[in-house]
Amino acid sequence: MTDHAAALAALQGLLGGRTAAGAGGGPPGMSDGETPAAVAVLDANGLVTLWTPGAEGLLGHRAGEVVGHPLRDLIAEADPSTAADRPSGAVRPADVIRDGAAFFRCRDGGRIAVHLAVHNLPGVTAPERPDPAGKARAAHPQDASAHDASVRDAPAHDAPTQDASAHDTSTHDAPAHDAPTQDASAHDAPAHDASAQADPAQHSDPQAGAAHVDPAQDSSARDSAAPAVPRRKRAAPRRLVVITPRDERVGSGAVERALRQLPIAAAVLDTDLRYVWADDEAGRLWARSVGEMIGRRPSELSAEGPGADMERLMRRAVETGEQLRWETGGPLPGVRDRVWVVVLTPLTDAAGRVRGLTSLGVDITDQHRARTRLLLSNQAAGHIGSTLDVDLTAQELAEALVPAMADFVTVDLLVSALGERGPRTGFTSGSVALRRVAYHSALPGSPESVLARGETETHPADSVRARVMATGDSMLFCRDAETGTLPWEPMSEERRSANLMYDMHSVMVVPMAARGATLGVAVFSRHRSPEPFADDDLLLAEEITARAAVSLDNALRYTRERDTALTLQNSLLPRRLPHTVAVDVAGRYLPADERLGVGGDWCEVIPLSGARVALVAGDVVGHGVRASAAMGRMRATVRALADLEPPPGELLSRLDDIVTRPYDAEPDHETGEAGGDTGATCLYVVYDPVSRLCTIASAGHPPPVLIDPDGTARVLDVPPGPPLGLGGLPFEHHEVLLAEGSLLALYTDGLVERRDRDIDVGIAELVDALSASAGSPRERCDAVLAGLLPQPPEDDVALLIARSRALDPAAVATYDFPPDPAAVAAARNLTAGRLAVWGLDELAFTTEIVVSELITNAIRHASGPLRLRLILAETLIVEVSDRSSTFPQLRRARTDDEGGRGLMLVARLSRRWGTRPTDSGKVIWADQSLPDPHGD
């Protein structure tokens with residue numbers, strides 16, 4: 001036998017084929033090439049994946065009618081009339097595809113007697129699992145023979161169902177016994193020998209004189225004999241079925257013709273690694289003709305790179321007898337843009353000596369690209385949407401696909417989607433205004449972008465972007481081969497110039513939509529990568545863009561909700577603390593939820609009559625919008641009660657009554673949350689700069705800290721009182737005389753309380769921090785927060801620091817009068833004199849009228865001595881106190897009424913007026929604006 005014939009016979013043995021002619025069993029007079037080879041390739045499920053012209057000519061069935069369907073559908077039942085003339089087992093049941101005789105249905109309705117030669121194509125073996133000892137299972141080639149017969153004679157459905165050659169992406173070495181490699185000598189018996197096929201056990205019985213079993217064959221029998229050892233996961237083999245008429249058995253020429261028709265790069269090499277046979281596909285792999293390959297080594301076909309690598313792997317396979325696997329994506333001369341898996345299998349003789357090597361290459365480019373796209377999709381899914389920031393999410397989309405898919409990506413969102421109302425449901429219509437929110441390029445600085453981030457551009461209704469968003473369908477453009485230009489025309493000359501400058505040759509325009517609303521459009525461009533976009537690229541871009549659109553919609557929703565919460569919070573909190581003559585004050589608020597920026601803590605300064613001021617700090621249990629809304633209700637209530645100017649303890653009692661009202665305390669039936677503001681705390685302080693007296697009342701709030709002018713800090717001993725919402729308990733007040741320049745710090749528990757320590761420890765640290773701080777109240781606030789707060793704070797924090805002031809005694813004038821009508825004139829004269837001293841002569845007339853009406857009203861409706869107090873502060877304040885607890889009411893006098901016009905005059909001549917209770921009666925007061933010192 002020539003070297004060529006021997007190599008071909010060995011290749012047939014590798015594929016599981018039996019050459020009847022070589023054994024002398026073929027029909028007389030048959031020669032290779034007389035009948036075109038009828039070949040079918042089946043996948044692991046028995047479905048036809050390849051149907052050659054020879055098969056079509058033999059049976060009449062076209063490839064389109066057969067591919068994708070089970071081959072067994074073409075097999076007719078055995079003919080009982082001829083069963084007696086056939087050896088036992090020569091005709092197989094119709095649902096079994098294996099070696100032997102069968103009847104096939106022809107397209108014209110007839111039947112034809114054929115012979116089937118079934119060959120397993122080499123698959124890809126999954127990595128071996130280690131045994132409990134942590135070592136891989138050792139190979140036992142002597143146990144491999146049992147599987148040879150079982151695979152060849154088993155029904156098609158017994159084979160595994162996965163084609164590993166199409167899915168295994170790893171480049172690793174597999175032992176030779178993982179593929180069903182068979183020596184040709186083991187199959188030279190005639191295929192119609194029933195005794196050789198009916199009892200597969202005879203082939204594995206060394207005592208029965210059976211044919212030699214190649215040590216490189218599969219090891220399934222060993223696995224079944226030792227089930228306790230973890231088995232190697234075997235990929236399902238594909239099968240090659242050669243169909244010949246009953247009087248024509250498969251010869252070496254038929255097998256060779258069958259191989260040449262398969263999309264497999266098959267070749268045979270000798271032990272010196274020189275090619276002795278190759279098919280046309282193998283020649284294409286090396287960009288050589290078959291004649292140029294014969295007699296040469298791979299390193300001679302490609303001296304550097306993959307040629308040398310493949311030859312080293314081949315040498316290893318010959319020396320070790322192992323089946324090895326090699327994956328390459330180029331740069332082989334003929335497959336620079338393709339990915340191949342090459343399986344190298346040593347060829348052994350009956351004694352187990354390596355006599356050559358087979359090389360089978362399978363093109364897995366499509367599978368490789370599918371894996372690459374899947375990997376990119378998974379990576380993009382993990383990269384996009386890491387935050388709830390709209391701009392950052394859009395930028396993540398652009399960066400995820402450059403340069404893996406595109407060379408330049410832009411993301412434009414509808415201006416309307418970025419507004420307060422959010423994106424509208426449905427598609428757009430007409431012209432669209434888009435804002436550039438993100439872009440990324442493979443070139444440094446992204447010079448391709450003609451718009452900067454944040455810039456807006458209006459696109460007419462017939463533009464590509466507008467049409468894509470109006471229809472919801474993506475568009476793919478590639479450069480026209482004849483004109484050399486893209487089919488779409490950019491709007492502006494600047495954009496057209498950029499496309500020409502950077503040689504944009506392929507563009508995908510994909511709409512961005514989520515939850516039924518259109519958000520914008522993403523544009524993907526290529527100019528560095530020479531390969532244009534394909535339909536698969538468009539599908540991948542649509543998938544990734546759809547995911548990104550959901551993340552963008554989430555970010556837009558969050559942004560709108562956060563803006564709503566911040567607007568609510570800002571409307572409930574004072575925009576700035578008012579300036580008063582009583583204190584110099586600064587405050588800080590830090591929410592625990594930095595994303596929402598809202599909470600239930602607040603601090604406030606409320607100007608009162610008589611140049612006094614109220615300092616308030618409050619805390620509502622909880623965080624977020626609900627706590628912020630509760631805080632807003634409480635703050636509004638405190639301000640309303642403060643206008644009535646009750647004592648601090650009485651104000652908290654009234655606030656507690658409002659909080660505990662039954663209709664407000666009912667739980668929410670939908671959410672199950674308790675109603676009311678139970679658990680809220682409040683600290684209310686009133687400071688009088690005339691007397692320097694500070695009155696404090698607390699409703700379960702932490703006590704304030706006082707820092708004397710000399711820097712000594714101490715916690716004021718204020719009766720804590722119950723939290724608001726409990727009801728029925730009194731609130732006591734505490735009075736302290738402040739030296740001018742003293743600091744008073746009000747705060748919430750978030751500043752001093754931690755989970756891992758007692759609140760007293762936190763208050764002590766606050767005292768130390770206030771003692772160590774210096775500067776203005778604003779500077780002290782910043783220093784205290786920086787020293788005490790972790791980042792971010794565990795709870796909402798509010799801090800208010802006020803430095804007390806004292807009015808000059810010369811700015812206050814006090815006069816006592818008896819309840820006598822004659823006192824009115826005296827009061828007017830004293831008022832005029834004091835205004836002259838203060839340089840306010842121009843206010844004398846109106847002020848005398850106000851004093852006259854207030855004194856007259858007190859004499860007429862009250863009893864006891866009267867007191868007139870004039871205070872020069874930011875305004876001119878007139879106060880008249882008496883011992884009556886009856887508060888006057890402003891009313892409109894009728895035409896015939898003799899009285900009732902006094903308070904009306906006071907209201908018209910004053911900036912504002914009011915009353916407040918005292919321990920011994922009440923005070924009626926009126927403020928007048930001071931003249932502008934720069935006025936004419």
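**Helix packing and sheets in a predicted model**

Biologist: Which residues in H20 meet which residues in H21?
Modeller: From H20, Glu765, Leu766, Ala769 and Leu770 meet Arg780, Val784 and Leu788 of H21; contact means heavy atoms within 4.5 Å. Helices here are DSSP runs of H or I with at least four residues, and strands are runs of E with at least two, numbered from the N terminus.

Biologist: And by class, what residues does that contact have?
Modeller: The contact of H20 with H21 has 5 nonpolar, no polar and 2 charged residues. Ala, Val, Leu, Ile, Met, Phe, Trp, Tyr, Cys and Pro count as nonpolar, Asp, Glu, Lys and Arg as charged, and the others, Gly among them, as polar.

Biologist: What should I know about the model itself?
Modeller: This is a predicted model, in which local features need pLDDT of at least 70 and side-chain atom pairs count only at pLDDT 80 or more, while totals for chains, interfaces and linings use all residues. Residues are numbered from 1 along each chain as its sequence is written, and side-chain values use heavy atoms, with hydrogens and water left out.

Biologist: At what angle do H20 and H21 pack?
Modeller: H20 (residues 759-772) and H21 (residues 777-788) pack at about 135 degrees, and their axes are 9 Å apart. That makes H20 oblique to H21 (under 35 degrees is roughly parallel, over 145 roughly antiparallel, 65 to 115 roughly perpendicular, the rest oblique). Axes are lines fitted to C-alpha atoms, for helices over the stretch in contact, with angles from 0 to 180 degrees between N-to-C directions.

Biologist: Changing topic: in what order do the 5 strands of the open sheet stand?
Modeller: The order is S28-S29-S30-S32-S31, with antiparallel pairing; strands pair if DSSP finds at least two bridges between them. S28 (812-817) and S31 (912-917) are at the edges with a single partner strand each, so one side of each has no neighbour in the sheet. From one strand to the next, the twist averages 15 degrees.

Biologist: How many bridges join S28 to S29?
Modeller: There are 6 bridges between S28 and S29 (residues 866-872), which run antiparallel. Ala813 stands opposite Leu870 in S29.

Biologist: Which strands does H22 lie across?
Modeller: H22 (residues 823-838) lies across S28, S29 and S30 (875-882), and runs at about 170 degrees to S28. H23 (residues 844-861) also packs on the sheet, where H23 touches S29, S30 and S32 (922-929); the direction of H23 makes about 15 degrees with that of S30.

Biologist: What is the order of the open sheet of 6 strands?
Modeller: That order is S2-S1-S6-S5-S4-S3, with antiparallel pairing. S2 (48-51) and S3 (75-76) are the edge strands, each pairing on one side only. S1 (residues 38-42) pairs with S2 over 3 bridges in the antiparallel sense, and Val48 in S2 is the bridge partner of Leu42.
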